[in-house]
Every structure is written in structure tokens, then in C-alpha cells.
Amino acid sequence: MSETSDKVVAISKPYFGPATESFLNRQCIGHLSIGFNALEQSHLKELAKWVEPAAAKIMDPNKAAEVAKKIARL
Amino acid sequence: MKPTIKNKLVGGCTGLLLVILGVACIGAFSVFSLRRSAFETTRVGDRLNSESLEVQVHTLQAHNLARAYLNGITTMGAEQAKSTFLDEAEFEINEIQNLAANLVKISPTEAKRAKFARIPAAADAYTQALDNIVKAAGNKGAAIPKETLDAYEGAATRLTESAEDGEVAGHESSQTSQEQIEATSKRSVELVTGVSLMGLLLALTMSVTLSRAILIPVEHLKQVAENVSMGNLDITVHRYSEDEIGDLADSFSRMVTAVKFFRSEVETVQAEAGSGRGGR
């Protein structure tokens with residue numbers, strides 16, 4: 001995993017628990033067309049943009065917005 | 001300090017103990033001070049009663065000695081009668097004045113003080129009247145003028161009346177002190193009951209607040225767990241507090257999120273597999 005991937009996992013873990021890696025991998029493959037392990041700093045804003053609506057389907061929308069903001073700020 | 005359940009419980013129990021201690025201290029202080037005040041009232045009442053009786057006794061004694069002197073002037077001679085009876089009568093009058101001064105000093109009310117204050121004045125007038133008789137009688141026992149005798153009788157009557165008034169006031173003081181003790185003990189019971197009820201109310205409020213702080217989040221988590229166990233994942237997990245139960249709520253929330261995600265993954269995979277089969 002890239003350093004950026006590690007950082008994103010560390011930030012997202014409190015929100016997604018054991019589903020963190022799978023969730024982020026799905027967003028990266030589905031919307032950024034890259035594997036989660038290949039995540040770079042430049043991808044973060046785009047990732048954050050897709051994380052928010054996807055996360056809002058499985059958790060409180062406020063929390064989804066929160067985690068997306070944290071990813072974007074990395 | 002982090003508001004953990006442990007800290008809340010420790011804080012709550014300490015608070016309760018302090019409330020109980022405070023109530024006990026206030027109660028003990030109230031009872032002690034009221035008791036002391038009751039004892040003081042009784043002591044003053046008893047003293048007023050006994051000393052006013054003493055004044056009465058000394059007054060009667062002074063009158064008897066003065067009468068004995070008047071009789072003695074003719075039977076034993078003025079000089080002899082004076083040394084036999086009047087010296088003792090002076091002692092009695094002196095006692096009356098000392099006792100009356102003390103009664104005035106310890107009287108609790110202005111009205112009683114005024115009644116007792118009449119005694120020394122009457123005793124002074126009585127002494128003056130007696131002196132006039134002594135002067136009129138002289139050393140040889142001359143006849144005493146009627147107006148001098150009348151003045152003496154008037155002074156004696158006034159002294160007797162003021163001593164009687166004093167005795168009544170003393171007796172009233174004693175009775176009043178009994179009434180005050182009853183009122184004081186009643187007030188003490190009311191005060192202690194009031195303070196205890198206040199403490200109880202405070203302790204009850206603290207207990208209820210503490211229980212609610214723990215029970216409401218636990219009840220919510222129980223409902224969340226029941227929903228998840230029945231397959232209902234469309235629930236929101238609230239974090240009610242920043243303590244261990246709040247952390248537990250976060251864990252529940254993560255767990256529900258992960259289960260939701262994995263379930264949606266499974267559904268997606270199943271849908272893809274289904275459409276793949278259908279396509280073949």
C-alpha cells in the first residue's frame with residue numbers, strides 16, 4: 001500500500017471499521033479507475049468527492065461528510 | 001477530567017456523600033444551637049423567678065425588722081432598738097437592691113426590666129423613710145410625727161408592691177421560658193426536617209440525573225443491538241455522551257456501517273453473477 005493509502009485508511013477506520021479497505025478500494029476502482037494501493041495525494045480530492053455520497057448510504061450523512069472532508073484535507 | 005462513567009459515578013457518590021454530610025452538619029449545628037438557646041432561656045427564667053422570690057422574702061424581712069424597731073423604741077429604747085433591728089434591716093434592703101440590680105441586668109425584655117427597675121427606687125425611698133423615722137425618734141425615743149410614720153407606711157407599701165410585681169414578672173419569665181423551650185424544640189424539629197427533606201430532594205435529583213446519564217444511552221444501544229440482530233440495519237446510532245458508553249456507541253456505529261457495506265457488496269456481487277448467468 002502507498003503511504004497515502006495508509007493515511008486514508010487511518011483516517012477512515014473509525015468510520016468504516018473492518019469495511020474500510022474494501023469500501024475505499026471500491027471507490028478507487030469504480031470512480032478513479034485505480035487500485036486503492038496506487039492511491040496518490042493528487043487523487044484525494046476526487047476520492048473525497050465520491051466517498052461522501054457512497055458513505056452516506058451506509059452511515060449518518062453528517063459522518064459521511066466529515067470523513068470526506070478529512071480525506072480531502074490530507 | 002474526561003466524563004467517563006467511572007468519573008461520573010465517583011463524582012455522583014462523592015456529591016451524595018457531601019450532601020448527606022452537609023445535611024448532617026446543618027442538622028447537628030441547628031439542634032446544638034437551639035438546644036443551647038433553650039438552656040440559656042431556661043437558666044435566665046429560673047434565675048429571674050428565684051431572685052424575684054428572694055427580693056420578696058427580703059422585703060418581708062425588712063418590714064418585720066422595721067416594725068420590731070418601731071415597737072422597740074418604747075420597750076427597749078431607741079438606741080438599743082436601732083442596733084438590734086435596723087442594722088439587720090439595712091442589710092436586708094441592701095440585699096434587695098443587689099438582687100434587683102441583677103434582675104434588671106439579666107431581664108430579657110424591656111417591660112420586665114422596667115418592672116424590676118422599680119424595686120431599687122422603692123427600696124431607696126423606703127430607706128429614706130426609715131432614716132426619717134430614726135432621726136425623728138432620736139437617741140432618746142421621742143414621739144414620731146404622724147406624717148413621718150405615714151410616709152414610712154407609704155414607702156413600705158410601694159416597696160411591697162414593687163417586690164410583688166417583680167415576683168409576678170419572675171414567675172412569668174419562668175413560664176415564658178417553658179413556652180420558649182417548647183417553641184424552640186418545635187422549631188428545631190421543623191428545621192431538621194426541612195433540611196433533611198432538602199438534602200433528600202437534592203440526593204434524589206442527583207441519583208435520577210446520574211441514572212438517566214447511564215440508562216438512556218444504554219437503552220438506546222440495546223435497541224440498536226436488537227434491530228441489528230433482527231437484520232434491520234437502517235438505524236442511526238447516537239452518541240449521547242463522551243464516556244465509555246459513547247465509545248461503545250461509536251463501535252456499534254462502525255459495526256453497522258461495515259455490515260451494511262458488506263451486505264451491499266454481497267448484493268452487488270449476487271446481482272452481477274445473476275446478470276452474467278442471464279446473459280449466457
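**Reading a two-chain model**

Mentor: Let us begin with a loop. N37(A) is found in the loop between α2 (20–32) and α3 of chain A. Please keep in mind throughout that this is a predicted model.

Trainee: How is a pair of charged side chains to be read?

Mentor: Side chains of opposite charge can pair when their charged atoms come close. In chain A, K49(A) and E46(A) form a salt bridge, with 3.7 Å from N to O. Both belong to helix α3 (residues 44–56) of chain A and stand 3 residues apart, about one turn of the helix. Over all chains, the count comes to 13 salt bridges by this rule.

Trainee: At what angle do the axes of helix α1 and helix α4 of chain A cross?

Mentor: The axes of α1 (residues 3–16) and α4 (residues 61–73) of chain A cross at roughly 170° and come within 10 Å. Angles over 145 degrees count as roughly antiparallel, so α1(A) is roughly antiparallel to α4(A). On the α1(A) side the contact is made by V8(A), I11(A), S12(A), Y15(A) and F16(A), and on the α4(A) side by K63(A), E66(A), V67(A), K70(A) and I71(A). By class, this contact has 6 nonpolar, 1 polar and 3 charged residues.

Trainee: How do helix α1 and helix α3 of chain B pack?

Mentor: Helix α1 (residues 5–75) and helix α3 (residues 110–137) of chain B pack at about 10°, their axes being 12 Å apart. Angles under 35 degrees count as roughly parallel, so α1(B) is roughly parallel to α3(B). Among the residues making the contact are L48(B), V55(B) and L70(B) of α1(B), together with F116(B), I119(B) and L130(B) of α3(B). The residues of this contact comprise 14 nonpolar, 2 polar and no charged.

Trainee: How much area do chain B and chain A bury between them?

Mentor: An interface may be read by its area, its residues and its pairings. Chain B and chain A bury about 1100 Å² between them, with 61% of it on carbon and sulfur atoms. R254(B), T257(B) and F261(B) supply 49% of the area that chain B buries against chain A, more than any other three residues. The contact takes 10 residues from chain B and 14 residues from chain A.

Trainee: How many salt bridges does the rule find across this interface?

Mentor: The rule finds 2 salt bridges between chain B and chain A. D250(B) forms a salt bridge with K63(A), their closest N and O atoms being 4.0 Å apart. K63(A) also belongs to the contact of α1(A) with α4(A). By class, the side of chain B that touches chain A has 3 nonpolar, 3 polar and 4 charged residues.

Conventions: Residues are numbered from 1 along each chain as its sequence is written. Chains are lettered from A and ligands numbered from 1 in the order in which they are written. This is a predicted model: local features need pLDDT of at least 70, side-chain atom pairs count only at pLDDT 80 or more; totals for chains, interfaces and linings use all residues. Side-chain values use heavy atoms; hydrogens and water are left out. Contact means heavy atoms within 4.5 Å. Buried area is the accessible area (1.4 Å probe) that two parts lose on being put together, summed over both. A salt bridge is a side-chain nitrogen of Lys or Arg within 4 Å of a carboxyl oxygen of Asp or Glu. Ala, Val, Leu, Ile, Met, Phe, Trp, Tyr, Cys and Pro count as nonpolar, Asp, Glu, Lys and Arg as charged, and the others, Gly among them, as polar. Axes are lines fitted to C-alpha atoms, for helices over the stretch in contact, and angles run from 0 to 180 degrees between N-to-C directions. Helices (H or I, at least four residues) and strands (E, at least two) are DSSP runs, numbered from the N terminus. Angles under 35 degrees count as roughly parallel, over 145 as roughly antiparallel, 65 to 115 as roughly perpendicular and the rest as oblique.
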